[in-house]
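Morning, everyone. Please have the sequence and the structure open while I talk.

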Amino acid sequence: MAAAGPIRVSYSSVYTHTRIRVLAEPKQVAYESSPRLEWGNQETIWPLSWGAMTSRPSSRITLLSKSKKDFCEHQRSYRSVIGGRPLLVKFAYPSERLLKLAEPKKLHPASLQQRSPEWPVSLSALTYNASPRILELARPKLLHPEFIPPREVPTQVPTPATLASASSRLERLAEPCVRQVTCCYKHSYPESVIRPVSKSAQQAVASPRTIELARPKKLHSKYAAPRDPQWPVSEAAKRAVATPRIVELAQPGKRPPMGLAQFNLDAFRVKETAMKATCSDRIRELARPVQR
């Protein structure tokens, strides 16, 4: 057996294990309790390097660091106005028309006082002669002649009704209607029928029409009862010997596979002998549809 040689460890494998250990250590996060982070001062959270502090920005960075111009004032001055009139200059004094339109609507002197249900009516309204159409519209809508107003909730019973005494007829009509229960019967001896049959029904003689209707419906003369799934085989059938023709017909038809049928151009062509054949009377009889 050959002796094992010295194990060689490559520098890349050692570096890989060291790198994995360094990456496996969690990141140091600056919390509020950290002495390095103090909120409210002008220092940055992350310390800047000396190269970043002493570097000079390029012309492109200086151009990008400039703030955008505000074009709102120019847009307001050149914005189109409906009617073609320019807008008022800032802090301009409004015209007399604007001051008049800005005044609130004055209230009626009568409304400033204590309002009463009686409003003052002008003299022209008092002396106005209404037209026939206004008089027609001013008429209230009439109720239906058969309308009955709702009765008051507390019904007042008249005194004669409270002192009246009910007659025997009223007392008999006031009794609840007692109906006989026909779905259940009292228990009796086991030989008795479930529903009691009256004596007249037991002694009744059926008429010829009732006897005719009581007969069960007959089956058709050509009706064949369903055959038993297991039927005995005759001895002649057991000893029968099939002829060569029957053996030939009993063999399954040989057809080419469907994969080859698509390459055969004559697969669905009808033979000339089949086109010239004449059907027999029996085939014509079987080809007729069943008339129901």
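Let me start with a question: is Arg209 buried or exposed? Arg209 is exposed, because its relative accessible area is 51%. Here are the cut-offs: buried means under 20% relative accessible area, exposed means over 50%, and partly exposed is in between, with a 1.4 Å probe and protein chains only.

Now, the ground rules. This is a predicted model, where local features need pLDDT of at least 70 and side-chain atom pairs count only at pLDDT 80 or more, while totals for chains, interfaces and linings use all residues. Residues are numbered from 1 along each chain as its sequence is written, and side-chain values use heavy atoms, with hydrogens and water left out.

Next, confidence. pLDDT is the predictor's confidence in each residue, from 0 to 100. The mean for the protein is 79. Of its residues, 76% reach 70 or more. Helix α12, residues 208-214, has the highest confidence, at 94. Helix α4, residues 72-78, has the lowest, at a mean of 57. Where pLDDT is low, the predicted coordinates should not be read in detail.

On to the overall picture. The protein has 17 helices and zero strands. Both are DSSP runs numbered from the N terminus: helices are H or I with at least four residues, strands are E with at least two. The protein has 292 residues, and 1% of them count as buried. Its accessible surface comes to about 32,900 Å². Carbon and sulfur atoms hold 59% of that surface. These areas come from the Shrake-Rupley method with a 1.4 Å probe; for residues, only the protein chains shown count as cover.

Back to Arg209. What does its side chain meet? It meets the side chain of Glu212 in a salt bridge, at 3.7 Å from N to O. A salt bridge here is a side-chain nitrogen of Lys or Arg within 4 Å of a carboxyl oxygen of Asp or Glu. Both Arg209 and Glu212 sit in helix α12, three residues apart, about one turn of the helix. Glu212 is partly exposed, because its relative accessible area is 47%.

How many salt bridges does a search of the whole structure find? It finds five. Another one joins Lys238 and Glu235, with the closest N and O atoms 4.0 Å apart. These two lie in helix α13, residues 235-239, again three residues apart. Lys238 counts as exposed, at 54% relative accessibility. Glu235 is partly exposed, at 47%. Then take Arg245 and Glu248: their side chains meet at 3.5 Å, N to O. That pair belongs to helix α14, residues 244-250.

What about disulfides? The search finds zero. A disulfide would be a pair of cysteine sulfur atoms within 2.5 Å. As for individual cysteines, Cys177 counts as exposed, at 57% relative accessibility. Cys279 is partly exposed, at 39%.

Last stop, the surface. Val121, Leu123 and Leu126 form a nonpolar patch there, with about 340 Å² of accessible area together. Patches are made of residues with over 30% relative accessible area and no salt bridge; like charges are joined within 9 Å, and nonpolar side chains (Val, Leu, Ile, Met, Phe, Trp, Tyr) within 5 Å. Leu123 lies in helix α7, residues 123-126. Leu123 is exposed, because its relative accessible area is 65%.
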